[in-house]
Amino acid sequence: MSDLTAGLVLIPTYNERENVELIIRAVLGLPKNFHVLIIDDGSPDGTGTIVRGLLPEFAGRLHLEERTGKLGLGTAYLFGFKWALARGYEFVYEMDADFSHNPLDLLRLHETCAVLGYDLAIGSRYVQGVNVVNWPMSRVLMSYFASKYVRFITGMPIHDATAGFKCYSAKVLRAINLQRIHFVGYAFQIEMKWLAYTLGFRLQEVPIIFTDRTRGQSKMSSGIFKEALLGVVQMKVSSWLHPPRRADAPQGTPRVAAAQ
């Protein structure tokens, strides 16, 4: 495989035929050798067919994994993390297919980890005010105060706890026990940040402007936020009872004390 230093961009899809070719071309057209893995959950609108048609054009840089049924965002990313680690990628990115995350910001996330040395870079909507475009006020408030709530409960110094635009250094993913991730929605995003933080990795928020999709249908629901709000308490209590331990540590290594 060609150079892996820029890393692998994971893009889960479900019914994204209007966006998928555009986002692939935008990412692979950047002045870094990013690779893209589309993880499609059996989209009935033909998303997977469109990606298959692009594979010859971007041979070695574009990859497709098709799963049966809508299995959830968190499971798609966990699948992608394992796929990336098995192939030796140094950096692994999470990104939406609908252009709510600006592909150009991948360059800034990459620099934060590859040049500045942080272990996890988070594309943050709230680290410099509120930078969200085209969301109804009710949704902005729900998201903003959910992150405030997470910060209060966990003590984690992150302004955008539910952010889904991130760059992981591979060592973070190797250290987290991916088999024991509990959540699949927004709480998945919180849990991954929490585990990286409690295991002592360096997290850095990178300010971005989040723009709501203009094509296709949103997958957001109030149930996803409820999972996050209830899951945070469960996650915090669990860390007291069973402090996280690095998955890549030798047997017998003491557990890491939960962050206070």
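Buried means under 20% relative accessible area, exposed means over 50%, and partly exposed covers what lies in between (1.4 Å probe, protein chains only). With that cut-off, K236 is buried, because its relative accessible area is 7%. What you see here is a predicted model, in which local features need pLDDT of at least 70, side-chain atom pairs count only at pLDDT 80 or more, and totals for chains, interfaces and linings use all residues. Residues are numbered from 1 along each chain as its sequence is written, and side-chain values use heavy atoms, with hydrogens and water left out.

**View 1. The whole chain comes to eight helices and nine strands.**
Helices (H or I, at least four residues) and strands (E, at least two) are DSSP runs, numbered from the N terminus. Of the 260 residues in the protein chain, 51% are buried. Contact, here and below, means heavy atoms within 4.5 Å. Take the contacts with a separation of 6 or more: 79% of them join residues 24 or more positions apart.

**View 2. The largest nonpolar core has 40 residues.**
A nonpolar core is a set of buried Ala, Val, Leu, Ile, Met, Phe, Trp, Tyr and Cys residues joined through side-chain atoms within 4.5 Å. F81, I176, F188 and M192 have the most contacts inside this one. At least two residues each come from strand 1 (8-13), strand 2 (35-40), helix 3 (73-86), strand 5 (120-124), helix 6 (170-175), helix 7 (186-198) and helix 8 (222-241). Helix 7 gives the most, with seven residues. There is also a second, separate core of 30 residues, and V20, I24, F58 and A121 are among its members. As a bit of background, nonpolar side chains in soluble globular proteins tend to be buried together.

**View 3. Here is F81, a residue of helix 3.**
F81 counts as buried because its relative accessibility is 0%. Setting aside its neighbours within four places in sequence, F81 is in contact with L10, V92, E94, Y168, L173, L178, F188 and M192.

**View 4. F188 has its own set of partners.**
Again leaving out neighbours within four places in sequence, F188 is in contact with G74, Y77, L78, F81, E94, I181 and F183.

**View 5. Helix 3 and helix 7 pack with their axes 8 Å apart.**
The angle between them is about 45°, so helix 3 is oblique to helix 7. Axes are lines fitted to C-alpha atoms, for helices over the stretch in contact, and angles run from 0 to 180 degrees between N-to-C directions. Under 35 degrees counts as roughly parallel, over 145 as roughly antiparallel, 65 to 115 as roughly perpendicular, and the rest as oblique. Helix 3 brings L73, G74, Y77, L78 and F81 to the contact, while helix 7 brings F188, Q189 and M192. These residues divide into six nonpolar, two polar and no charged. For that tally, Ala, Val, Leu, Ile, Met, Phe, Trp, Tyr, Cys and Pro count as nonpolar, Asp, Glu, Lys and Arg as charged, and the others, Gly among them, as polar.

**View 6. I39 sits in strand 2.**
I39 is buried, with a relative accessible area of 0%. Beyond its neighbours within four places in sequence, I39 is in contact with I11, P12, T13, E65, R67, A76, F79 and G80. The C-alpha atoms of I39 and L10 are separated by 7.3 Å, and the two residues are 29 residues apart along the chain.

**View 7. C113 and C167 have sulfurs 3.7 Å apart.**

**View 8. K236 lies in helix 8.**
This is the buried lysine from the opening, at 7% relative accessible area. K236 and V150 are 86 residues apart along the chain, and their C-alpha atoms are separated by 9.9 Å.

**View 9. N15 has a positive phi, near 55°, in a residue other than glycine.**
N15 is found in the loop between strand 1 and helix 1 (20-28). At 27% relative accessibility, N15 counts as partly exposed.

How values were computed:
A disulfide is a pair of cysteine sulfur atoms within 2.5 Å.
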